[in-house]
Amino acid sequence: MAEIQYRLEQKRNIVGEFPGPKSKELTERRNAVVAAGVASGVPVYAADLDGGIIVDVDGNSFIDLAAGIAVTGVGGSAPAVVEGIKEQADYFTHSCFMVTPYEGYVRVAELLNELTPGGHEKRTVLFNSGAEAVENAVKVARLATGRDAVVAFDHAYHGRTNLTMGLTSKSMPYKANFGPFAPEIYRVPMSYPFREENPDITGAEAAQRAITAIEKQIGSDSVGAILLEPIQGEGGFIVPAEGFMPALAAWAREKGIVFIADEVQSGFCRTGAWFASEHESVVPDIVATAKGIAGGMPLSAVTGRAELMDAVHAGGLGGTYGGNPVACAAAIGAIQTMKDYDLPARARRIETQVMDRLRPLAEQTEIIGDLRGRGAMLAIELVKPGGKEPNPEATKAIAAQCQAEGVIILTCGTYGNVVRLLPPLVIGDELLGDGLDVLEAAIRAQA
Ligand code: PLZ
């Protein structure tokens, strides 16, 4: 296996105050011109990214445990991605695949058809964002089935466009006062092992609970698609109980319902497999991907069974920028990097390193309610001591302390009480270990 070469020193180093003077100045400029509705989790401005390090404009080096929300799995400036971009940009930056097509788009489709779960005949369409991929997956499913209803789950996150806001579960900050939302969206219970009333409920039973809700509230004949994140992202890194996803997928197949896996966050080696559906050998009818696909360039995809995808009339799918040639070149470089460095294996190694550290900590501290996740998509759910009441205050304080000490970390969850770890998959063991030292101290400070 090729060894990862880093351009920047892989070492945490906070040189002055946090945030530094240049970041403070940029915040002032920003506040005067950037809309308040777009919030940033960290008060420093990025200048350089490589491997597991983010250098800010004041020269501070942070350990990156966020990867730009699960995007830069290959690192923030992976050589194969950067070279691909430069080479493509020398020739052309855009011609529009719907006007004058080009090879890069075709190559990315070949790669996705090969890498996504299942050996069946597939077709792919490219877009720009995760939300756009999810929207188009729903369009295909509705057209192919002739049915309108779409089923989504509690705690789901699918995007910020109108349809995907409707599919998303959490009101604040994603949906509140942004309605009205699209019709024919139905929400059913998720399998959330840590918060089940009956802690012994199996994945199959949780699936049956959702199926009963679908049958009683919608009727299976009206349902075009079931949309599920194999591991929920923004909603709290919720890993459904084993058997939940396979049972739903099998029932969907039986009823002629399209099973869509939203692998936008969980895809591209993140969970220790190329796609999270693989952990339970689920073969979705359609897979929506984005984020990790192109090493940070805006690209997303819908990959599905040929008969579903090709049901759409010519001209029914597309968009000016979808599958931009520079983004496609980046994706080809990113996917090559995932193969060269066997990033699924690295994600599994990250899981072992993090869990070996956090498991004993969870036993010693009362505020850790649950540790969960797969590969390099891991979470700590924080609770008030002695119970399961969510502890968003401690969660916020832990993230803030980590940041001030040079570790960029994100939170998530319906109750805002989950610390999530999403390091670039190319992060070195030593750097990750240092990040975990900081995280452990921050958790202990709240316990
Ligand atoms: N589906 C599963 O995780 C994006 C959103 C951050 P876009 N998640 C990060 C924020 O607050 O906006 C996401 C996801 C899943 C769809 C999306 C949407 O992807 O590329 O942000 O549109």
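Strands S2 (residues 53-56) and S3 (residues 61-64) are joined by three bridges and run antiparallel to each other; two strands are taken to pair if DSSP finds at least two bridges between them. Helices (H or I, at least four residues) and strands (E, at least two) are DSSP runs, numbered from the N terminus. The model is predicted, so that local features need pLDDT of at least 70 and side-chain atom pairs pLDDT 80 or more, whereas totals for chains, interfaces and linings use all residues. Residues are numbered from 1 along each chain as its sequence is written, and side-chain values use heavy atoms, with hydrogens and water left out.

Within this pairing, Val 55 is placed opposite Ser 61 of S3. The open sheet comprises four strands in the order S1-S2-S3-S13, with mixed pairing. S1 and strand S13 (407-408) form the edges; each has a single partner strand, so one side of each lacks a neighbour in the sheet. Helix H13 (residues 429-446) packs on the sheet and touches S2, S3 and S13, contact meaning heavy atoms within 4.5 Å.

Two cis peptide bonds may be described. One joins Phe 18 and Pro 19, with omega of about -10°, and Pro 19 belongs to the segment before H1. Another leads from Met 172 to Pro 173, with omega near 5°; Pro 173 is found in the loop between helix H6 (162-167) and strand S6 (185-188).

Glu 184, also in the loop between H6 and S6, has a positive phi of about 65° although it is not a glycine. Its relative accessibility of 32% makes Glu 184 partly exposed (buried, under 20% relative accessible area; exposed, over 50%; partly exposed, in between; 1.4 Å probe, protein chains only).

Conventions:
Axes fitted to C-alpha atoms, helices over the stretch in contact; angles between N-to-C directions.
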